[in-house]
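Open the model in your viewer and keep the sequence panel at hand. The tour goes stop by stop: select, look, move on.

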Amino acid sequence: MLEFRQVSYQYPGEDFDLIDGLSFRVAPGSLHCILGVSGCGKSTLFRMVSGLLTPKAGEIRVGGAPIGGHRRCCGYMPQRDLLFPWRTVWENVALPLEIAGGFSKAERRARAEAALADAGLDGCGDKLPRALSGGMRQRAAFARTMLAGGDLLLLDEPFSALDFLTRISMQEWLLDQWRRTGKTILFITHDVEEAIFLSQSVLVAAEAPIRALAEILVPAPMPRTRACLADPAMAALREELIGRLRKQVEP
Amino acid sequence: MKKACRGNLPALLFLFALLILWQLGAMELDAAYILPTPVQILQKLWELRVPLFTVHLPATMGVTAAGLAISVALGLLLSVAMDASPLVRRMIYPVVVASQTIPTTAIAPLFVLWFGYGIWSKVLVTILITFFPVAITVYDGLRSANQEMIELLRTYGAGRWAAFRRVKIPCALPYFFSALKMAIPMSVIGAAIGEWLGAQSGLGYFSRRMMTQLDGAGVFAPIVLLSAAAMLAAGLAALAERRLIRWRGESL
């Protein structure tokens, strides 16, 4: 579904490559978390896939074709929900359709309301975003991402600003959405527990600059409940991952 | 409505107290040709109502409206151009700021020489002092637009104009209204200054003529009318703002 071939990236004004010759691939329909410490360049990966940044070298392929030609190859959901406060919820959700063009207002409204219903937000379409709670806002942003088209969803720490209880219910909700829609999901996080709960396998960015993503299988079957986190194998994995990340923070 | 009255009550009480103080002070001084009492001013306003309301107020409002409209158009144009291109910004911004260091009142008589006693010399004075807050404030508003929102739209394939329309304009709209509320009183002042310096009609001209006749109340009467007109216009702008902007005060 997504493939990086020897991709490098260097921010202008810096003299080293933040991402250096990175290659990895992600199978269609899978859900992976990319785990790494803050500032290691995880988000840069997403920004390249979504076309906001251009790699210095290498090639990124989505669905077998190199990106660039068709820009709307993936849905990108940034860390903050970025719902426009001057638009109603359905108008926010319909933004990707509005930009793409070719839909009448009634069509946009119908598709936005359907996406909202899928996200469990029936009847919220005419509200302003400020009337929604943090979790509801993230779900609205997710509905908007679904309408951005493409079978690849890039979620950049979408739940990091939520309180703990909302976050774990959103994680369960996301797994449910993934099962129902069959999309390929890449999920950036720096929360180890979140990563192992959500992923089939965790992709760890263990070094800076990022030269490789270490793929670590999560020893628990899907579908999951939070009970699996208490499993000894999962607890051991969690400790191992925390150990790896700490090595990076304190060399 | 009731709530609005209660909100303004302290201001009204304070204003009323000031007016009473003025009335008492002016009565004590008893020199109406330099310090008329508020009551004398109102009497004068009533006496002169026909020329003031049929000739001079329309003339001044005409200058104000033309000056304000051109200033807003010019200010918007400059701010959009500066936002769109860093080169334009570096070219124009210092010139715009420098234009505000010109003492307008000092060179306005030249405008009268250049453009005559008609409306355009006054409009030019108005523009010169009004376009600046519009250009700078709206430019700041466009700059303040949320970059992450623009990036999000770019991932959907939006071009520059699509993002400008959907993010920059809504983000700059509250700034635009702040600018408008500043520009309205300034354009009234600009029109009055222009007329004071050379005109055949208008409230500024009328006030000056009364000055030469040592008619204190006659000087103040058109000024009261000017302030009332400016406050009314600013109130209308505030009303339009409340209608259009439902999201003010929310962090982006």
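Helices here are DSSP runs of at least four residues, H or I, and they are numbered from the N terminus. Keep in mind throughout that this is a predicted model. The model scores ipTM 0.86 and pTM 0.83.

**Stop 1: chain B as a whole**

Select chain B. Which elements does chain B run through from the N terminus on? The order is α-α-α-α-α-α-α-α-α-α. That is ten helices and zero strands. Chain B has 252 residues, and 35% of them are buried. Now look at contacts between residues at least 6 apart in sequence: in chain B, 75% of these join residues at least 24 apart. Colour by confidence if you like. The mean pLDDT of chain B is 89, and 96% of its residues reach 70 or more.

**Stop 2: helix 3 of chain B**

Select residues 49-84 of chain B. This is helix 3, with 36 residues. From first C-alpha to last, helix 3 reaches 49 Å, close to the 52 Å expected at 1.5 Å a residue. Where does helix 3 of chain B bend? Go to B:His56, where the bend is about 35 degrees. A proline, B:Pro58, follows within four residues.

**Stop 3: a loop in chain B**

Move to B:Leu214. Find B:Leu214 in the loop between helix 9 (203-212) and helix 10 (216-244) of chain B. Its phi is positive, near 50 degrees, and B:Leu214 is not a glycine. Is B:Leu214 buried or exposed? B:Leu214 counts as exposed because it has 11 C-beta neighbours inside 10 Å, and the cut-off for exposed is 12 or fewer.

**Stop 4: the sheet in chain A**

Switch to chain A and show its strands. Look for an open sheet of four strands in the order 2-1-4-5, with antiparallel pairing. Strand 2 (19-26) and strand 5 of chain A stand at the edges. Each has a single partner strand, so one side of each has no neighbour in the sheet.

Zoom in on strand 1 (residues 2-9) and strand 4 (residues 57-62) of chain A. Five bridges join these antiparallel strands. Pick A:Phe4: A:Ile60 in strand 4 stands opposite. Pick A:Ser8: here A:Ala57 in strand 4 is opposite.

Follow strand 4 on to strand 5 (residues 65-66) of chain A. Two bridges join this antiparallel pair. A:Arg61 has A:Pro66 in strand 5 as its bridge partner. The two strands form a hairpin with two residues between them. Click on A:Gly63 in the turn: its phi is positive, about 60 degrees.

**Stop 5: two loops in chain A**

Select A:Glu157, in the loop between strand 7 (152-156) and helix 6 (164-181) of chain A. A:Glu157 is not a glycine, yet its phi is positive at about 45 degrees. With 19 C-beta neighbours inside 10 Å, A:Glu157 counts as partly exposed.

End at A:Ala227. A:Ala227 is in the loop between strand 10 (214-217) and helix 8 (232-249) of chain A. A:Ala227 counts as exposed, with 9 C-beta neighbours inside 10 Å. Draw a distance to A:Gly135, which is 92 residues away along the chain: the C-alpha atoms of A:Ala227 and A:Gly135 are separated by 22 Å.

Conventions:
Residues numbered from 1 in each chain as written. Chains lettered and ligands numbered in written order. Predicted model: local features only at pLDDT ≥ 70, side-chain atom pairs only at ≥ 80, totals over all residues. Buried ≥ 20, exposed ≤ 12 C-beta atoms within 10 Å, placed from the backbone. pLDDT = per-residue confidence, 0-100. Pairing = 2+ DSSP bridges. Expected span 1.5 Å × (residues − 1). Bend = angle between axes of the 7 residues up to and from the residue. Contact = placed C-beta atoms within 7 Å.
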